[in-house]
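Here is a friendly walk through one protein model, written for someone who likes to know which side chain touches which. Please keep the sequence and the structure at hand while you read.

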Amino acid sequence: MSDVENGAPNAPQDADTTAAPQVDAPSGAVADTDKGAHAARPVVGRLVPGETAGASEPAILLRELQIAAVLEVGAWPNRLEPVANRLSELAGTILPGRPGRFSESDTALVGWVAFGRFIYIAASSEETARVDEALDTDDAAVVDLGPARRALHVGGSEASALLNKAVAIDFDPRAFPPGSLAQAVIHQIPVIILRRNEDGFDLLVPTSLADALIEWLTDAALEFGYRVAEPAAMM
């Protein structure tokens, strides 16, 4: 789950390089002070702790999450059960019984993304080698996604409404309770959405597209008002 980032011909010697005359604004013109005007963000594509925008009482909390280890595990056909059991042992939790769910312990989270395909997130970078060594290549393929993923947290009373601007998922807690996950596309960017609690979602996004997603989130959140919190560990 990763981007794309000669010289102009010389102007003719007889080209007119005279500066264009400045035109004064009409005497009755005033500066644009419309409250709806969007101020430039302090750092494009980054979440700046302490930044607030939109409504005076923000209903959205945004923060960047630090990931120590994130892996994708794909079980080979007919090897799903032993792989699921081994992942449960490694994470110290009971794996959910179907795709679209995740379970977690104090040190690891295991999500069932699709049939035979899992996401494994851990609090220690040492888990990358541990999981890789624990799963036989005849049972599963393990891909280290650590450098290729960033994580963002979207919380607050209007977090569901914000995400619903881009995805048609019923985020009512009865339909999508804590422990649920979904693959989605936000602003043409593939993400995995994990609901950690009733008012909070964690988003896994390709590193190369994370800045673009942040720009979309901050722009879409203006309607509700948002505040950026200090970065925190995902696990």
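A word on the model: it is predicted, so to speak of a local feature requires pLDDT of at least 70 and a side-chain atom pair counts only at pLDDT 80 or more, while totals for chains, interfaces and linings use all residues. Residues are numbered from 1 along each chain as its sequence is written, and side-chain values use heavy atoms, with hydrogens and water left out.

## Strands and a helix

Let us begin with the sheet. An open sheet is built from 5 strands in the order β4-β5-β6-β3-β7, with antiparallel pairing. Helices (H or I, at least four residues) and strands (E, at least two) are DSSP runs, numbered from the N terminus, and two strands pair if DSSP finds at least two bridges between them. The edges are held by β4 (101–104) and β7 (140–144); each has a single partner strand, so one side of each has no neighbour in the sheet. From one strand to the next, the twist averages 20°. Axes here are lines fitted to C-alpha atoms, for helices over the stretch in contact, and angles run from 0 to 180 degrees between N-to-C directions.

Strand β3 (residues 69–75) and β7 run antiparallel and are joined by 5 bridges. Within this pairing, Leu71 has Asp144 in β7 as its bridge partner. Helix α1 (residues 80–91) lies across β3, β5 (108–114), β6 (117–122) and β7, at about 10° to β6.

## A buried aspartate

Which strand holds Asp202? Asp202 belongs to strand β11 (residues 200–206). Asp202 counts as buried at 3% relative accessibility; buried means under 20% relative accessible area, exposed over 50%, and partly exposed in between (1.4 Å probe, protein chains only).

Setting aside neighbours within four places in sequence, Asp202 is in contact with several residues, among them Leu65, Leu152, Ile193 and Met234. Contact here means heavy atoms within 4.5 Å. Met234 is 32 residues from Asp202 along the chain, and their C-alpha atoms are separated by 8.3 Å.

The side chain of Asp202 also makes polar contacts, with the side chain of His153 at 2.9 Å and with that of Arg196 at 2.5 Å. A polar contact is a pair of N or O atoms within 3.5 Å; within protein, one must be able to donate a hydrogen and the other to accept it, and residues adjacent in sequence count only if both atoms are side-chain atoms.

## Aromatic rings

There are 3 aromatic pairs in the structure. Rings of Phe, Tyr and Trp (its six-membered ring) pair if their centres lie within 6.5 Å; planes under 30 degrees apart count as stacked, over 60 as edge-to-face and the rest as tilted. Trp112 and Phe118 form a tilted pair, because their ring centres are 5.3 Å apart and their planes meet at 40°. Trp112 is buried at 9% relative accessible area, and Phe118 is buried at 1%.

Phe171 and Phe176 are edge-to-face, because their planes stand at 90°, with ring centres 5.2 Å apart. Phe171 counts as buried at 2% relative accessibility, as does Phe176 at 7%. Ring pairs also link Phe171, Phe176 and Phe201 into a cluster.

## Salt bridges

The whole structure contains 10 salt bridges. A salt bridge is a side-chain nitrogen of Lys or Arg within 4 Å of a carboxyl oxygen of Asp or Glu. The table gives examples.

| Salt bridge | N to O distance |
|---|---|
| Arg150 and Asp211 | 2.8 Å |
| Asp172 and Arg174 | 3.0 Å |
| Arg196 and Asp202 | 2.5 Å |

Arg150 sits in strand β8 (residues 149–155) and Asp211 in helix α4 (residues 210–220), so their bridge ties together parts that are 61 residues apart in sequence. Arg150 is buried, at 12% relative accessible area, whereas Asp211 is partly exposed at 31%. Glu64, Arg150 and Asp211 are linked in a network of salt bridges.

Asp172 is partly exposed at 26% relative accessible area, and Arg174 is exposed at 76%. Arg196 is partly exposed at 22%.
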